[in-house]
Number of protein chains: 2
Amino acid sequence: MKTSIATVSISGELPEKLEAIAKAGFDGVEIFENDFLAFDGSPRDVGKMVRDFGLEITLFQPFRDFEGMPPSHRQRTFDRAERKFDVMQELGTDLVLVCSNVSPVSLGGIDRAADDFRELGERAAKRGLRVGYEALAWGRHINDHRDAWEIVRRADHPNIGLILDSFHTLSRKIDINSIRSVPKDKIFIVQLADAPLIDMDLLYWSRHFRNMPGEGDLPVTAFTAAIAETGYDGYFSLEIFNDQFRGGSTRSIAADGHRSLIYLGDQVRRLPNSKRLNVPPMPDRAKVKGVGFVEFTADETDAANLIAILKTLGFRKTKIHRSKKVALYSQGDIRLLVNTEEKGFANTSFAVHGTSAYAMALEVENAQDALARAVALGAEPFRQPVGEGEVDIPAIHGVGGGLIYLIDTRSDLGRFSEIDFIPLEDEAAVLVPANLERVDHIAQTVSYDEMLTWLLFYTSIFEAHKTPMVDIIDPSGVVRSQVVENDSGDLRLTLNGAENRRTLAGRFIAETFGSGVQHLAFETKDIFATAAALRQNGFRPLPISSNYYGDVEARFGLDPELTERLKAENILYDQDEHGEYFQLYSSTFGEGFFFEIVERRGYHGYGAPNAIFRIAALKKQMRPGGLPRE
Amino acid sequence: MKTSIATVSISGELPEKLEAIAKAGFDGVEIFENDFLAFDGSPRDVGKMVRDFGLEITLFQPFRDFEGMPPSHRQRTFDRAERKFDVMQELGTDLVLVCSNVSPVSLGGIDRAADDFRELGERAAKRGLRVGYEALAWGRHINDHRDAWEIVRRADHPNIGLILDSFHTLSRKIDINSIRSVPKDKIFIVQLADAPLIDMDLLYWSRHFRNMPGEGDLPVTAFTAAIAETGYDGYFSLEIFNDQFRGGSTRSIAADGHRSLIYLGDQVRRLPNSKRLNVPPMPDRAKVKGVGFVEFTADETDAANLIAILKTLGFRKTKIHRSKKVALYSQGDIRLLVNTEEKGFANTSFAVHGTSAYAMALEVENAQDALARAVALGAEPFRQPVGEGEVDIPAIHGVGGGLIYLIDTRSDLGRFSEIDFIPLEDEAAVLVPANLERVDHIAQTVSYDEMLTWLLFYTSIFEAHKTPMVDIIDPSGVVRSQVVENDSGDLRLTLNGAENRRTLAGRFIAETFGSGVQHLAFETKDIFATAAALRQNGFRPLPISSNYYGDVEARFGLDPELTERLKAENILYDQDEHGEYFQLYSSTFGEGFFFEIVERRGYHGYGAPNAIFRIAALKKQMRPGGLPRE
């Protein structure tokens with residue numbers, strides 16, 4: 001699978017773009033004309049620069065408003081084409097994209113267009129160049145790849161071919177099976193883009209909302225499989241117009257693009273009866289069976305605060321690490337590591353302030369396979385010095401910070417806490433057990449610009465799907481929330497994308513080290529019993545506005561007695577078509593970290609309708625004059 | 001015209017919102033339920049707080065999924081209503097909004113809905129409350145105000161009325177004349193919102209893109225005029241869901257809202273044969289006849305750099321101020337003031353760094369009328385100490401910084417430069433005259449969040465219209481550009497909204513004092529003669545990539561000789577259906593300020609297609625290692 005990306009897909013000036021594209025692992029690059037025009041160097045300089053980066057120019061684009069021009073405009077249109085050909089020869093690329101005409105003066109007619117392309121093919125052939133024709137979804141006469149193909153067929157010239165773009169085909173819901181009958185040698189290049197499903201004007205949608213395959217909702221995999229069926233073995237090239245990407249990190253967006261193509265190839269390879277694209281084989285997406293541990297890093301003072309809260313939550317310090325200043329706190333299947341080492345990853349790689357949960361371990365079927373897949377998809381592995389006889393747990397860096405450890409039960413990895421840790425004498429059982437059983441979900445706060453990066457990262461490596469995006473209203477702005485989860489419920493990550501620094505999420509990002517775990521939710525099977533135990537332990541719940549309870553009672557027609565109990569314990573309530581949900585939050589500490597306890601009675605969601613009330617309550621605590629920090 | 005705004009329209013927590021709403025001059029406020037629920041105070045507390053701010057609660061909203069529920073759900077729906085009524089009585093408001101049902105279990109039927117409302121009316125009447133029914137544009141059965149009105153008519157209950165919302169009616173292009181037949185006493189409240197015309201899913205459009213009347217493209221004035229025809233004299237209330245507003249400045253958005261309603265009332269008052277809404281009469285929008293002057297502020301060192309550039313542009317220092325350190329540089333009808341006073345507005349109110357054009361004077365028919373209108377629309381007047389016998393020029397603050405002076409020729413204002421300034425002996429004419437005739441346009445860079453604020457400010461005070469928004473591609477992100485101009489071309493302001501700090505525009509905002517003039521464009525009638533003169537004066541043009549010229553020649557089919565001349569002088573070229581456009585830019589200096597010289601041969605636009613090349617060239621100069629700063 002030969003990979004390419006259009007320069008227009010990422011931010012930066014041309015040299016910066018090319019460097020990021022090469023570094024991300026692409027084989028080739030489409031030169032978007034404006035990037036070339038704005039660059040202060042000759043076409044030859046640009047061509048040389050591209051090749052010096054080890055890239056091939058896969059396409060020069062776009063050439064607009066060519067076919068079907070009236071006689072008054074036809075000559076000038078061909079003159080324009082000849083000028084583009086001049087540039088292409090200097091650049092050192094043989095393929096140009098002609099997109100279907102949108103000019104109001106253009107004339108319709110398949111044969112007229114075919115004649116124009118035949119003549120253009122003749123001119124191109126003289127220079128050893130090729131011309132690919134693409135149907136824009138909003139083309140004036142041609143807006144369907146089947147019509148474009150008919151024109152290419154009738155032009156009947158070896159230097160004239162078809163260019164297919166997933167967005168133009170899928171946005172118009174054109175039957176992708178129509179692709180299977182196109183001869184592979186007439187498909188000059190394939191462009192790929194995904195997009196979120198929002199019903200809007202096609203041009204507006206295309207110009208602002210495109211994203212990488214797998215980041216949106218279009219059936220790009222099926223489209224690509226149809227291409228593969230033709231035997232096509234040329235470039236798959238990303239052409240993404242996206243406002244966020246234009247303002248985002250050049251390197252990170254380029255890396256996402258490459259990941260998206262490799263993942264796409266892998267998905268097509270796995271389809272039944274599909275022709276394979278040439279991508280390196282890699283293990284299946286890793287099936288997550290649980291959260292092995294979550295690791296906090298803190299200095300001694302902050303750690304003392306954290307530990308005090310963990311105790312009110314009923315956690316007991318059960319083990320300490322053999323060689324590092326790491327303590328293990330447990331309850332049910334939950335393991336929390338508190339790392340107070342002054343050196344090592346936790347305190348050197350990031351400017352960590354206060355307490356943060358910078359690492360989590362995911363339990364998978366086969367940790368080495370999961371690592372291999374992650375690396376094949378461009379994730380950066382993480383290694384650290386390991387003491388004699390201790391377990392070396394495979395790990396990868398998150399895309400914007402943090403670490404993900406991979407553990408399984410088939411090796412010593414599953415016994416790392418027995419091998420690396422020394423059990424402690426049972427602490428005096430002054431605390432009431434809170435019956436917290438497992439990690440329900442991990443809530444990660446990320447910059448909104450990085451939401452898609454994280455979604456693609458998680459869903460390409462792990463067997464998981466993303467849920468639709470939900471808007472959470474923070475008093476200071478909108479926060480976008482989206483969930484990565486698997487069918488079994490053993491992997492549940494909520495991602496909250498903050499657009500500005502004044503939102504709770506935005507403030508967390510600004511005050512910590514970027515993307516990070518902002519809260520951990522634990523599951524109980526009896527929220528009221530847990531709440532009672534916590535109360536005895538001195539746990540300080542997040543106080544919820546009493547107005548909330550009047551509404552929740554009316555909204556769901558709750559028994560007033562239940563409402564009273566909810567209110568007394570500051571428990572939030574929700575329902576979906578599957579059942580009921582109860583949420584109890586801790587007060588916030590440090591830079592905005594907090595804990596949540598949930599009980600699910602069949603409920604599938606995450607209490608999104610309650611988020612606005614939770615945020616209001618948290619913000620109140622964090623205001624000057626709010627609750628003192630612990 | 002009684003004004004109101006829904007709490008959901010602006011950012012912040014409830015007390016902050018109410019304070020801003022009161023300060024902006026609204027008479028009342030709609031309490032959006034979630035704002036109340038998230039607030040940690042009783043309904044009585046909220047009611048008291050609202051009244052303490054001098055506001056009335058105009059509406060409590062929304063109550064969803066009420067009418068047409070099947071028997072299995074009907075009782076609970078009425079129970080829910082009774083709970084809302086409880087809250088309303090505590091809050092101290094008598095009106096609740098019921099929006100048309102979107103529940104999949106709801107049943108259709110006009111009479112069924114009317115029966116439900118009749119019963120609800122009975123219950124409301126017992127408590128002295130009223131219920132308004134609004135057709136959501138995406139309601140399951142009812143999505144047209146005409147159908148909602150039919151239900152209200154058949155419910156036939158004095159406590160049941162209609163709520164009209166401009167967005168729901170106009171987004172579906174429903175004939176607004178249908179409003180004229182509704183009795184005024186059955187319209188319980190009117191909600192207003194505008195929106196940009198983008199063809200997309202109605203719900204998505206409504207939730208994210210609404211804006212203040214006059215900020216969008218919907219015919220809100222005609223809608224309001226139809227309301228006025230009924231004799232309605234109740235509240236006009238803004239209900240705006242907008243992602244930007246949710247993250248924007250609470251005070252500034254509230255102020256925009258109030259301005260938009262007053263301006264709307266004024267527009268309706270001016271319609272022929274329209275019933276008037278009760279708004280204070282104010283002078284007509286001021287017709288701008290030219291730019292009187294632009295004033296720069298700088299310290300002595302920066303001023304010297306600026307003056308050196310002005311000289312290469314052919315400006316001569318013609319006068320100095322009687323009592324202040326202000327020099328007047330002129331050429332043609334262009335007057336530039338260079339203010340090096342260390343005290344006074346220019347250097348105290350803002351943290352000004354380097355050189356900036358912080359004030360402009362607009363020539364209008366009647367400056368006192370323009371000032372009166374601006375003040376009636378909430379603009380803040382500006383006064384400064386004036387020396388004995390000097391002219392006191394009326395002025396207003398811009399919405400995000402800067403000053404706008406208002407001058408006319410009917411008073412001493414027109415002679416301010418004769419009265420306040422002392423002519424200088426003619427400077428030795430070492431410079432070649434550049435034939436710059438007038439200010440063509442003033443380019444203002446603003447934070448993207450403030451774009452709509454500025455557009456409404458300018459178009460409500462001055463007789464001008466806005467052009468559609470254009471996306472300008474900066475290597476570091478998208479910049480949105482929109483123009484405020486009048487028909488005569490005497491007022492031309494381009495507003496560039498920067499979303500991030502890495503774009504050229506964003507950097508300018510970050511490094512100066514917020515919104516400000518980033519470039520000034522002067523008009524010449526002969527760009528080549530001007531360019532030749534400038535060259536002799538040592539003017540340093542902005543170097544444009546030579547690739548640009550190859551493309552521009554092909555694109556417009558230019559005579560190669562012309563292309564050569566353009567290239568030699570670094571002149572950019574564009575065409576529209578009216579004619580040709582030539583643009584010559586200066587190098588940048590200070591924090592990114594620059595000058596432009598244009599020649600219009602009938603052309604109406606601003607060279608938007610060239611912006612990408614101009615930005616690339618400017619950024620190159622501003623890079624470390626680029627051109628040294630002057």
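## Exercises on an annotated site and an interface

**Exercise 1.** List the residues that A:His441 touches, not counting residues up to four places away in sequence.

Solution. Touching, or contact, means heavy atoms within 4.5 Å. Under that rule A:His441 touches A:Arg492, A:Thr494, A:His519, A:Leu520, A:Ala521, A:Tyr581, A:Glu596, A:Val598, A:Arg600 and A:Tyr606.

The model is predicted, so local features need pLDDT of at least 70 and side-chain atom pairs pLDDT 80 or more, while totals for chains, interfaces and linings use all residues. Residues are numbered from 1 along each chain as its sequence is written, chains are lettered from A and ligands numbered from 1 in the order written, and side-chain values use heavy atoms, without hydrogens and water.

**Exercise 2.** Which residues does the UniProt annotation "binding site" cover, and what is the largest C-alpha distance between them?

Solution. Step one: the unreviewed UniProt entry places this annotation on A:His441, A:His519 and A:Glu596; positions follow the numbering used here, feature names are shortened, and annotations may be inferred rather than shown by experiment. Step two: these residues are spread over 156 residues of sequence, yet cluster in space, with a largest C-alpha distance of 9.3 Å.

**Exercise 3.** Describe the contact between chain A and chain B by residues, buried area and salt bridges.

Solution. Step one: 54 residues from chain A and 54 residues from chain B take part. Step two: the buried area (accessible area, 1.4 Å probe, lost on being put together, summed over both parts) is about 4,200 Å², with 51% from carbon and sulfur atoms. Step three: there are eight salt bridges between chain A and chain B, each a side-chain nitrogen of Lys or Arg within 4 Å of a carboxyl oxygen of Asp or Glu. A:Lys84 forms one with B:Asp551, the closest N and O atoms being 3.5 Å apart. Step four: on the side of chain A that touches chain B, α19(A) gives the most, with nine residues.

Key: Buried area = accessible area lost by both parts, 1.4 Å probe. Helix = DSSP H or I, 4+ residues; strand = E, 2+ residues; numbered from the N terminus.
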